[in-house]
Amino acid sequence: MKRDRETPAPVFVVGTGRCGSTLLSSMVRLHPRVLSLSEFFSYLGPGGVRAPRVSGKTAFRRLNTPTRALRMFLESGVSIDEFVYPLDAGGRYSRGNVPPIMYTTLPHLTDRYHELWDELGPLVRSRGRHRLTDHYRFVFEWLKTRFDRAVWVERSGGTLPMAPVLARHFPDARLVHIFRDGRDTALSMYRHPGFRGMAISSLMLRKIGLDPFSPVNWRGSSPWVHVVAAIQLRFVSPKRFLEADLDLASFGWVWSGMVESGTAFLATLPSDRVLSMRFESLLESPREEMSRFIDFVGPELADGRWLEEVSALPRRKSPAWSRLAPEERARLAEACAPGQKILGYNNSV
(Lines give C-alpha, C1' and ligand atoms only; values in the text may rest on other atoms or scores of the structure.)
Protein backbone atom coordinates (compact mmCIF):
# COMPACT_ATOMS: atom_id res chain seq x y z
CA MET A 1 0.00 0.00 0.00
CA LYS A 2 1.55 3.29 -1.09
CA ARG A 3 1.36 6.22 1.29
CA ASP A 4 1.50 9.90 0.51
CA ARG A 5 4.17 11.25 2.82
CA GLU A 6 2.31 14.55 2.96
CA THR A 7 -0.89 12.94 4.22
CA PRO A 8 -0.26 9.93 6.49
CA ALA A 9 -3.03 7.35 6.48
CA PRO A 10 -5.30 7.29 9.56
CA VAL A 11 -4.80 4.64 12.21
CA PHE A 12 -7.03 2.55 14.46
CA VAL A 13 -5.57 1.04 17.61
CA VAL A 14 -7.42 -2.22 18.20
CA GLY A 15 -7.27 -4.63 21.11
CA THR A 16 -9.33 -6.67 23.52
CA GLY A 17 -9.63 -3.86 26.04
CA ARG A 18 -7.73 -3.74 29.35
CA CYS A 19 -4.62 -4.50 27.31
CA GLY A 20 -2.57 -1.31 27.62
CA SER A 21 -4.21 0.70 24.87
CA THR A 22 -5.06 3.54 27.26
CA LEU A 23 -1.36 4.06 28.01
CA LEU A 24 -0.56 4.02 24.31
CA SER A 25 -3.32 6.54 23.63
CA SER A 26 -2.00 8.82 26.38
CA MET A 27 1.48 8.71 24.87
CA VAL A 28 0.16 9.44 21.38
CA ARG A 29 -1.83 12.40 22.73
CA LEU A 30 1.39 14.21 23.59
CA HIS A 31 2.60 14.22 19.99
CA PRO A 32 2.27 17.74 18.52
CA ARG A 33 1.24 16.50 15.05
CA VAL A 34 -0.95 13.47 15.87
CA LEU A 35 -4.59 13.70 16.93
CA SER A 36 -5.29 11.01 19.53
CA LEU A 37 -8.99 10.13 19.67
CA SER A 38 -10.02 8.02 22.67
CA GLU A 39 -13.03 5.75 23.18
CA PHE A 40 -15.04 7.14 20.27
CA PHE A 41 -16.72 3.80 19.55
CA SER A 42 -16.92 2.57 23.13
CA TYR A 43 -20.16 4.25 24.15
CA LEU A 44 -22.13 4.35 20.90
CA GLY A 45 -23.95 1.20 21.88
CA PRO A 46 -24.91 -1.93 19.90
CA GLY A 47 -24.57 -1.50 16.17
CA GLY A 48 -22.43 1.62 16.58
CA VAL A 49 -20.33 0.83 13.51
CA ARG A 50 -23.04 -0.62 11.31
CA ALA A 51 -23.02 1.35 8.10
CA PRO A 52 -26.55 2.15 6.93
CA ARG A 53 -27.06 5.39 5.06
CA VAL A 54 -28.44 7.93 7.50
CA SER A 55 -28.93 11.67 7.61
CA GLY A 56 -26.63 14.02 9.45
CA LYS A 57 -29.38 14.52 12.03
CA THR A 58 -29.49 10.79 12.72
CA ALA A 59 -25.69 10.60 12.99
CA PHE A 60 -25.77 13.54 15.39
CA ARG A 61 -28.32 11.76 17.59
CA ARG A 62 -26.03 8.72 17.71
CA LEU A 63 -23.19 10.88 19.02
CA ASN A 64 -25.35 13.05 21.25
CA THR A 65 -27.76 10.58 22.88
CA PRO A 66 -26.63 8.08 25.54
CA THR A 67 -27.81 4.52 25.14
CA ARG A 68 -30.40 3.27 27.58
CA ALA A 69 -27.94 0.71 28.95
CA LEU A 70 -25.22 3.22 29.70
CA ARG A 71 -27.71 5.66 31.17
CA MET A 72 -29.03 2.95 33.48
CA PHE A 73 -25.51 2.03 34.57
CA LEU A 74 -24.56 5.61 35.34
CA GLU A 75 -27.81 6.45 37.09
CA SER A 76 -27.29 3.42 39.33
CA GLY A 77 -24.03 4.99 40.51
CA VAL A 78 -21.58 2.84 38.54
CA SER A 79 -18.17 4.40 38.04
CA ILE A 80 -16.11 3.67 34.91
CA ASP A 81 -12.43 4.63 34.95
CA GLU A 82 -12.29 5.71 31.32
CA PHE A 83 -14.88 8.48 31.74
CA VAL A 84 -13.29 11.91 31.70
CA TYR A 85 -16.42 14.07 31.74
CA PRO A 86 -17.09 15.35 35.32
CA LEU A 87 -20.39 13.56 35.85
CA ASP A 88 -21.19 14.92 39.31
CA ALA A 89 -19.70 18.40 39.06
CA GLY A 90 -22.91 20.25 38.26
CA GLY A 91 -21.96 20.85 34.63
CA ARG A 92 -24.13 21.05 31.54
CA TYR A 93 -24.88 17.34 31.54
CA SER A 94 -25.97 14.95 34.29
CA ARG A 95 -25.51 11.20 34.48
CA GLY A 96 -28.66 10.67 32.46
CA ASN A 97 -27.91 12.79 29.40
CA VAL A 98 -24.16 13.02 28.72
CA PRO A 99 -23.54 12.64 24.95
CA PRO A 100 -21.45 9.54 24.12
CA ILE A 101 -18.87 11.72 22.36
CA MET A 102 -18.50 13.70 25.59
CA TYR A 103 -17.65 10.86 27.97
CA THR A 104 -14.01 10.68 26.89
CA THR A 105 -13.36 11.71 23.28
CA LEU A 106 -13.82 15.49 23.38
CA PRO A 107 -12.63 16.09 26.98
CA HIS A 108 -9.37 14.37 26.05
CA LEU A 109 -8.79 16.99 23.36
CA THR A 110 -9.55 20.21 25.24
CA ASP A 111 -10.93 21.52 28.52
CA ARG A 112 -13.40 23.54 26.44
CA TYR A 113 -15.23 20.44 25.32
CA HIS A 114 -18.72 21.97 25.51
CA GLU A 115 -17.74 24.75 23.12
CA LEU A 116 -16.09 22.20 20.82
CA TRP A 117 -19.29 20.13 20.61
CA ASP A 118 -21.33 23.30 20.09
CA GLU A 119 -19.09 24.01 17.10
CA LEU A 120 -19.00 20.50 15.65
CA GLY A 121 -22.57 19.36 16.33
CA PRO A 122 -24.35 21.69 13.85
CA LEU A 123 -21.90 20.66 11.12
CA VAL A 124 -22.79 17.00 11.63
CA ARG A 125 -26.53 17.76 11.69
CA SER A 126 -26.32 19.67 8.41
CA ARG A 127 -24.83 16.77 6.46
CA GLY A 128 -26.87 14.79 3.95
CA ARG A 129 -27.36 11.02 3.83
CA HIS A 130 -24.16 9.01 4.10
CA ARG A 131 -23.02 5.76 5.62
CA LEU A 132 -22.77 6.11 9.37
CA THR A 133 -19.05 5.40 9.22
CA ASP A 134 -18.64 8.21 6.67
CA HIS A 135 -20.20 10.60 9.17
CA TYR A 136 -17.67 9.37 11.70
CA ARG A 137 -14.86 10.00 9.24
CA PHE A 138 -16.14 13.54 8.80
CA VAL A 139 -15.89 14.04 12.57
CA PHE A 140 -12.36 12.64 12.69
CA GLU A 141 -11.17 14.74 9.77
CA TRP A 142 -12.81 17.89 11.09
CA LEU A 143 -11.17 17.44 14.48
CA LYS A 144 -7.83 16.79 12.82
CA THR A 145 -8.08 20.07 10.95
CA ARG A 146 -9.50 21.92 13.95
CA PHE A 147 -6.47 20.98 16.06
CA ASP A 148 -3.99 21.38 13.19
CA ARG A 149 -2.74 17.80 13.21
CA ALA A 150 -1.33 15.72 10.38
CA VAL A 151 -3.12 12.45 11.12
CA TRP A 152 -5.71 10.97 13.46
CA VAL A 153 -5.30 7.84 15.57
CA GLU A 154 -8.48 6.42 17.12
CA ARG A 155 -8.39 4.00 20.04
CA SER A 156 -11.40 2.37 21.67
CA GLY A 157 -11.26 -0.55 24.08
CA GLY A 158 -12.55 -3.91 22.87
CA THR A 159 -12.48 -3.18 19.13
CA LEU A 160 -10.37 -6.16 18.01
CA PRO A 161 -13.42 -8.23 16.91
CA MET A 162 -14.63 -5.18 14.94
CA ALA A 163 -11.36 -4.92 12.99
CA PRO A 164 -12.90 -6.42 9.79
CA VAL A 165 -15.65 -3.79 9.81
CA LEU A 166 -13.26 -0.91 10.51
CA ALA A 167 -10.88 -2.11 7.80
CA ARG A 168 -13.70 -2.42 5.28
CA HIS A 169 -15.28 0.96 5.90
CA PHE A 170 -11.98 2.79 6.33
CA PRO A 171 -10.00 1.11 3.54
CA ASP A 172 -7.12 3.57 3.76
CA ALA A 173 -6.68 3.15 7.51
CA ARG A 174 -3.98 1.03 9.12
CA LEU A 175 -4.30 -0.98 12.31
CA VAL A 176 -2.14 -1.13 15.42
CA HIS A 177 -2.86 -4.24 17.48
CA ILE A 178 -1.77 -3.84 21.09
CA PHE A 179 -1.98 -6.88 23.33
CA ARG A 180 -1.08 -8.01 26.84
CA ASP A 181 -0.66 -11.31 28.65
CA GLY A 182 -4.17 -12.75 28.67
CA ARG A 183 -4.10 -13.64 32.35
CA ASP A 184 -3.54 -10.03 33.43
CA THR A 185 -6.01 -8.80 30.82
CA ALA A 186 -8.68 -11.18 32.09
CA LEU A 187 -8.09 -10.07 35.68
CA SER A 188 -8.56 -6.45 34.66
CA MET A 189 -11.73 -7.31 32.73
CA TYR A 190 -13.09 -9.18 35.74
CA ARG A 191 -13.01 -5.99 37.82
CA HIS A 192 -14.49 -3.71 35.14
CA PRO A 193 -18.30 -3.20 34.96
CA GLY A 194 -18.37 -2.79 31.19
CA PHE A 195 -16.45 -5.98 30.55
CA ARG A 196 -18.58 -7.89 33.02
CA GLY A 197 -21.57 -7.01 30.87
CA MET A 198 -19.65 -8.03 27.75
CA ALA A 199 -18.73 -11.38 29.31
CA ILE A 200 -22.37 -12.11 30.21
CA SER A 201 -23.51 -11.31 26.67
CA SER A 202 -20.76 -13.47 25.15
CA LEU A 203 -21.62 -16.43 27.37
CA MET A 204 -25.29 -16.10 26.44
CA LEU A 205 -24.48 -16.15 22.72
CA ARG A 206 -22.29 -19.21 23.16
CA LYS A 207 -25.12 -20.95 25.00
CA ILE A 208 -27.43 -20.61 21.97
CA GLY A 209 -24.73 -21.77 19.56
CA LEU A 210 -23.50 -18.46 18.14
CA ASP A 211 -19.91 -17.28 17.86
CA PRO A 212 -19.84 -14.20 20.12
CA PHE A 213 -16.58 -12.97 18.60
CA SER A 214 -17.75 -12.77 15.00
CA PRO A 215 -18.27 -9.19 13.76
CA VAL A 216 -21.82 -10.24 12.87
CA ASN A 217 -22.52 -10.97 16.53
CA TRP A 218 -20.19 -8.48 18.23
CA ARG A 219 -22.00 -5.70 20.05
CA GLY A 220 -20.53 -2.75 18.15
CA SER A 221 -20.73 -4.16 14.63
CA SER A 222 -23.68 -6.57 14.71
CA PRO A 223 -26.78 -5.80 12.64
CA TRP A 224 -29.04 -7.57 15.16
CA VAL A 225 -27.51 -7.71 18.66
CA HIS A 226 -28.88 -4.24 19.47
CA VAL A 227 -32.38 -5.75 19.44
CA VAL A 228 -31.37 -8.47 21.90
CA ALA A 229 -29.60 -5.92 24.09
CA ALA A 230 -32.76 -3.84 24.32
CA ILE A 231 -34.78 -6.89 25.39
CA GLN A 232 -32.06 -7.94 27.83
CA LEU A 233 -32.28 -4.62 29.64
CA ARG A 234 -35.91 -5.32 30.50
CA PHE A 235 -34.86 -8.28 32.62
CA VAL A 236 -31.28 -7.64 33.76
CA SER A 237 -30.51 -4.57 35.87
CA PRO A 238 -27.05 -2.95 36.07
CA LYS A 239 -26.84 -4.23 39.65
CA ARG A 240 -27.32 -7.82 38.46
CA PHE A 241 -24.58 -7.35 35.86
CA LEU A 242 -22.16 -6.15 38.51
CA GLU A 243 -23.09 -8.79 41.08
CA ALA A 244 -23.27 -11.73 38.69
CA ASP A 245 -21.30 -14.74 39.87
CA LEU A 246 -18.77 -14.96 37.04
CA ASP A 247 -15.74 -17.22 37.13
CA LEU A 248 -12.43 -15.53 36.40
CA ALA A 249 -11.72 -18.20 33.79
CA SER A 250 -14.74 -16.94 31.82
CA PHE A 251 -12.86 -13.73 31.18
CA GLY A 252 -9.86 -15.73 30.02
CA TRP A 253 -12.17 -17.45 27.53
CA VAL A 254 -13.54 -14.08 26.37
CA TRP A 255 -10.04 -12.68 25.92
CA SER A 256 -8.82 -15.74 24.05
CA GLY A 257 -11.85 -15.75 21.75
CA MET A 258 -11.32 -12.11 20.86
CA VAL A 259 -7.65 -12.77 20.12
CA GLU A 260 -8.37 -15.82 17.96
CA SER A 261 -10.99 -13.99 15.91
CA GLY A 262 -9.12 -10.70 15.59
CA THR A 263 -5.67 -12.03 14.77
CA ALA A 264 -7.09 -14.41 12.15
CA PHE A 265 -8.42 -11.37 10.31
CA LEU A 266 -5.31 -9.22 10.80
CA ALA A 267 -3.22 -12.00 9.27
CA THR A 268 -5.14 -11.56 5.99
CA LEU A 269 -4.08 -7.90 5.61
CA PRO A 270 -0.91 -6.69 3.90
CA SER A 271 1.98 -6.54 6.36
CA ASP A 272 2.39 -2.78 5.93
CA ARG A 273 -1.18 -2.25 7.10
CA VAL A 274 -0.73 -3.83 10.56
CA LEU A 275 1.62 -3.14 13.47
CA SER A 276 1.66 -5.46 16.49
CA MET A 277 2.72 -4.09 19.89
CA ARG A 278 3.18 -6.09 23.07
CA PHE A 279 2.23 -4.12 26.19
CA GLU A 280 5.02 -5.65 28.24
CA SER A 281 7.55 -4.50 25.63
CA LEU A 282 6.09 -1.00 25.78
CA LEU A 283 6.73 -0.96 29.54
CA GLU A 284 10.23 -2.39 29.26
CA SER A 285 11.45 -0.51 26.16
CA PRO A 286 9.16 2.50 25.63
CA ARG A 287 11.58 4.44 23.43
CA GLU A 288 12.08 1.56 21.02
CA GLU A 289 8.39 0.67 20.89
CA MET A 290 7.20 4.23 20.35
CA SER A 291 9.86 4.68 17.68
CA ARG A 292 8.34 1.69 15.89
CA PHE A 293 4.89 3.15 16.38
CA ILE A 294 5.64 6.59 14.94
CA ASP A 295 7.59 5.08 12.05
CA PHE A 296 4.48 3.06 11.22
CA VAL A 297 2.17 6.08 11.52
CA GLY A 298 4.49 8.26 9.46
CA PRO A 299 8.30 8.44 9.49
CA GLU A 300 8.04 12.15 8.73
CA LEU A 301 6.41 12.61 12.15
CA ALA A 302 9.50 11.49 14.08
CA ASP A 303 10.03 13.87 16.99
CA GLY A 304 12.92 13.38 19.39
CA ARG A 305 11.53 15.64 22.10
CA TRP A 306 8.19 13.82 22.09
CA LEU A 307 9.94 10.46 22.15
CA GLU A 308 11.96 11.47 25.18
CA GLU A 309 8.86 12.76 26.98
CA VAL A 310 6.71 9.67 26.44
CA SER A 311 9.53 7.26 27.21
CA ALA A 312 9.41 8.45 30.82
CA LEU A 313 5.70 7.60 31.27
CA PRO A 314 5.51 3.77 31.53
CA ARG A 315 6.04 2.12 34.88
CA ARG A 316 6.97 -1.55 34.98
CA LYS A 317 4.79 -3.75 37.17
CA SER A 318 4.81 -7.38 38.21
CA PRO A 319 2.09 -9.61 36.74
CA ALA A 320 -1.05 -9.63 38.88
CA TRP A 321 -2.03 -13.17 37.82
CA SER A 322 0.99 -14.60 39.66
CA ARG A 323 -0.61 -13.64 42.98
CA LEU A 324 -3.69 -15.80 42.42
CA ALA A 325 -4.23 -19.01 44.33
CA PRO A 326 -2.67 -21.99 42.48
CA GLU A 327 -5.97 -23.63 41.44
CA GLU A 328 -7.48 -20.39 40.15
CA ARG A 329 -4.25 -19.54 38.37
CA ALA A 330 -4.30 -22.91 36.62
CA ARG A 331 -7.93 -22.53 35.50
CA LEU A 332 -7.21 -19.06 34.15
CA ALA A 333 -4.14 -20.25 32.27
CA GLU A 334 -6.13 -23.07 30.68
CA ALA A 335 -8.84 -20.64 29.52
CA CYS A 336 -6.26 -18.26 28.07
CA ALA A 337 -4.15 -20.96 26.41
CA PRO A 338 -5.32 -20.60 22.77
CA GLY A 339 -4.77 -16.83 22.72
CA GLN A 340 -1.51 -17.07 24.64
CA LYS A 341 -0.16 -19.48 22.03
CA ILE A 342 -1.14 -17.19 19.16
CA LEU A 343 0.56 -14.20 20.75
CA GLY A 344 3.65 -16.08 21.86
CA TYR A 345 3.28 -15.87 25.64
CA ASN A 346 4.66 -18.40 28.08
CA ASN A 347 1.48 -19.68 29.68
CA SER A 348 3.09 -21.77 32.40
CA VAL A 349 1.66 -21.38 35.88
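Me: What makes the sulfur of Cys-336 too far from the closest cysteine sulfur for a bond?

Reply: The sulfur of Cys-336 is 13 Å from the closest cysteine sulfur, which belongs to Cys-19, whereas a disulfide is a pair of cysteine sulfur atoms within 2.5 Å. The separation is therefore too far for a bond. The structure holds 0 disulfides, and Cys-19 is in no disulfide. This is a predicted model, in which local features need pLDDT of at least 70 and side-chain atom pairs count only at pLDDT 80 or more, while totals for chains, interfaces and linings use all residues. Residues are numbered from 1 along each chain as its sequence is written, and side-chain values use heavy atoms, with hydrogens and water left out.

Me: Are Cys-19 and Cys-336 buried or exposed?

Reply: The relative accessibility of Cys-19 is 1% and that of Cys-336 is 0%; buried means under 20% relative accessible area, exposed over 50% and partly exposed in between, with a 1.4 Å probe and protein chains only. Cys-19 therefore counts as buried, and so does Cys-336.

Me: Why does Ser-38 fall into its accessibility class, and in which strand does Ser-38 lie?

Reply: Ser-38 has a relative accessible area of 0%, so this residue is buried. Ser-38 lies in strand S2, residues 34-38, where strands (E, at least two residues) and helices (H or I, at least four) are DSSP runs numbered from the N terminus.

Me: How do you know that the side chains of Ser-38 and Arg-29 are joined by a polar contact?

Reply: Their separation is 3.5 Å, and a polar contact is a pair of N or O atoms within 3.5 Å, where within protein one atom must be able to donate a hydrogen and the other to accept it, and residues adjacent in sequence count only if both atoms are side-chain atoms. The pair of Ser-38 and Arg-29 is listed as such a contact.

Me: Why is the contact between Glu-82 and Arg-18 called a salt bridge, and what does the pair tie together?

Reply: The closest N and O atoms of Glu-82 and Arg-18 are 2.5 Å apart, and a salt bridge is a side-chain nitrogen of Lys or Arg within 4 Å of a carboxyl oxygen of Asp or Glu. Glu-82 lies in the loop between helix H3 (68-75) and helix H4 (100-103), and Arg-18 in the loop between strand S1 (11-14) and helix H1 (21-29), so the pair ties together parts that are 64 residues apart in sequence. Glu-82 is buried at 15% relative accessible area, while Arg-18 is partly exposed at 22%.

Me: How many salt bridges does a search of the whole structure find, and which helices hold Glu-119 and Arg-146?

Reply: The search of the whole structure finds 13 salt bridges, among them that of Asp-88 and Arg-95, at 3.0 Å from N to O. Asp-88 has 60% relative accessibility and therefore counts as exposed. Glu-119 and Arg-146 also form a salt bridge, with their closest N and O atoms 3.1 Å apart. This pair links distant parts of the chain, with Glu-119 in helix H5 (residues 113-125) and Arg-146 in helix H6 (residues 132-146), 27 residues apart. Glu-119 is partly exposed at 37%, and Arg-146 is partly exposed at 40%.

Me: What makes S2 and strand S7 edge strands of the sheet?

Reply: The open sheet has 5 strands in the order S2-S5-S1-S6-S7, with parallel pairing, and two strands pair if DSSP finds at least two bridges between them. S2 and strand S7 (274-278) each have a single partner strand, so one side of each is left without a neighbour in the sheet.

Me: How do you know that S6 pairs with S7, and why is S6 described as largely enclosed?

Reply: Strand S6 (residues 174-179) is joined to S7 by 5 bridges, and the two run parallel; Ile-178 has Met-277 as its bridge partner in S7. S1 and S6 pair in the parallel sense over 4 bridges, with His-177 of S6 as the bridge partner of Val-14. Because 6 of the 6 residues of S6 are buried, the strand is largely enclosed by the rest of the structure. Arg-174, Val-176 and Ile-178 point one way from S6, and Leu-175, His-177 and Phe-179 point the other way.
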